[in-house]
Amino acid sequence: MVFRKPPDGGWGWVIVVVSFFTQFLCYGSPLAVGVLYLEWLDAFGEGKGKTAWVGSLANGIGLLASPVCSICVSSFGARPVAIFSGFMVAGGLMMSSFAPNIYFLYISYGIVVGLGCGLLYTATVTITCHYFDKRRGLALGLISTGSSVGLFIYAALQRELIDLYGLDGCLLIVGALSLNILACGSLMRPLESPDSPPPEKTYVDKVPDQYFVYHEKEKTVEENISILEKGYVDEKCANNMPDYKQDSILNKNVLSSINVNEKDTYKKKVVEQTNFCKQLAKRKWQLYLNYWEETVVLFKNKVFSALFVAILLFDIGGFPPSLLMEDVARSANINEDDYHMPLISIIGIMTAVGKLTLGILADFKWVNTLYLYVTTLLMTGVALFAIPFAKSYLTLAMLSGILGFLTGNWSIFPYVTTKTVGIEKLTHAYGILMFFAGLGNSLGPPIVGWFYDWTQEYDTAFYFSGFCVLLGGFLLLLAALPCWNACTNQSSKLPPNTYSYKVASSA
């Protein structure tokens, strides 16, 4: 498929609008799953750790399956994937309304809805990058706020729907709303050239000519037959007399010649195809070896290794508040009359503000994006340590706003990755980091829930979460310090393909 130069406008702004609403509709319920979490606790009577798996799977499975999502979008295009994913998200939400137990929700809400969200995220980001080049950062920033706005609105919407129609009715209505993703996906027109490109060669056409020995030899056999027949006719005309004995001998010679040629053709065909398969397998194996060699080189970069640990620990400790904050308020016996706005809604709107603010800060030349990211990690750890001391709605709302703003550091994470490994290895490195981010998203809420089941309080759980985030931030800070880089550069030299982070460089 041939693409035009990104127009940086025009239909691209339609793509931005529909991508914004796509992320709004698909991520609204999974990110605001904390409201449903309370209902599932009461409905199924399971432990908090076991119940927390539903929301953690819905938010983590899409990141874990990001390589598969990328392959699907590359193979089928953004529009078909978006439409198919809309059916997945809507179907998973509606199926969840009929869940007889918590294990059914693991599949319907956790896996089906989670995979649908992962596919939609990849599709919206890919189609937006096709339409924008110079304004790509602005476009991606606008569509990424769709999930945050969805969290803000769906937290209050799902609570109101539960009060009016119950948990099952809420999930049915939210699933019906998600069907609007189909309309949004149908508008994701691919950016193709106006002139229809020539049809691509099939896999068989791309095989070199020397591998078509069988067809060439077949043609040779036919030519031999015609030559022999021609000679036979000429000889009969010359002698001008029938010789049935000679005729039978000639026919036997022709048949034996054909059989010999066919056997040789078959043997050569087998040999040539065997060599071709060996070369193809050797080439594929070499690609796998190159992939793992590049992965090893990435992890030899100390800053990348620290970044991998930091993102894993950050998602283990930093994601649970968005899922469990409502239950924290209920455990603190906060009066419902003081409940002016759902805490999850506060987290959602402040996440959108944080994404935009931190993204703007990252564009300033005097701001070092790595140190900015480390600062958000350390502040998040301190805020998590303060949650056990919050005993009123006001303090919990303030902490929710701070945590939401700091969670907006997702908008600068691609900047940090690019500065760490270079633009050439961004795709490879970002895929690895997103996989472990999804792993952290999946493990964080259940771990916090298990801590509560063990101690019957959230204090120890949030101390653990704060410790994880602080540990990741300190490790990343230590790896990025100029003195550490100077010491390591004197003691050993990095491989030629390894990119070290220059802390003196601007963002």
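Visitor: Leaving aside its neighbours within four places in sequence, with which residues is Thr 22 in contact?

Guide: The model shown here is predicted. Thr 22 belongs to helix 1, which covers residues 11-31. Its relative accessible area is 1%, and because buried means under 20%, Thr 22 is buried. Beyond four places in sequence, the contacts of Thr 22 are Leu 120, Thr 124, Ile 181, Cys 184 and Met 188.

Visitor: Is Thr 380 buried or exposed?

Guide: Thr 380 is located in helix 14, residues 369-386. Not counting residues up to four places away in sequence, Thr 380 touches Phe 314, Leu 403, Leu 406 and Val 469. The relative accessible area of Thr 380 is 2%; since the limit for this class is under 20%, the residue is buried.

Visitor: Which backbone oxygen lies 2.7 Å from a polar atom of the side chain of Thr 380?

Guide: The side chain of Thr 380 has a polar atom at 2.7 Å from a backbone oxygen. That oxygen is the one of Thr 376.

Visitor: Which residues touch the most other members of the largest nonpolar core?

Guide: The largest nonpolar core holds 113 residues. At least three of its residues come from each of domain 1 (1-191) and domain 2 (280-483). The residues that touch the most other members are Leu 36, Tyr 109, Tyr 373 and Leu 476.

Visitor: What does Leu 36 contact, leaving aside its neighbours within four places in sequence?

Guide: Leu 36 is one of the residues that touch the most other core members. Among its contacts is Tyr 109, another residue named in that group.

Visitor: How many disulfides does the structure hold?

Guide: A disulfide requires two cysteine sulfur atoms within 2.5 Å. For Cys 117, the nearest cysteine sulfur is that of Cys 26, 4.3 Å away, and Cys 117 is therefore in no disulfide. Cys 117 counts as buried, at 1% relative accessibility, whereas Cys 72 is partly exposed, at 24%. For the structure, the number of disulfides is 0.

Visitor: What is the mean pLDDT of the chain?

Guide: Over residues 227-242 pLDDT stays under 50, and the model has 7 contacts beyond four places in sequence for them. It also stays under 50 over residues 486-507, for which there are 40 such contacts. In the chain, 74% of residues reach 70 or more, and the mean pLDDT is 76.

Methods:
Residues numbered from 1 in each chain as written. Predicted model: local features only at pLDDT ≥ 70, side-chain atom pairs only at ≥ 80, totals over all residues. Heavy atoms only, no water. Core = buried A, V, L, I, M, F, W, Y, C linked by side-chain atoms within 4.5 Å. Buried < 20%, exposed > 50% of the residue type's maximum accessible area, 1.4 Å probe, protein only. Domains from an automatic or database assignment. Contact = heavy atoms within 4.5 Å. Helix = DSSP H or I, 4+ residues; strand = E, 2+ residues; numbered from the N terminus. Polar contact = N/O pair within 3.5 Å; in protein donor to acceptor, adjacent residues only side chain to side chain. pLDDT = per-residue confidence, 0-100.
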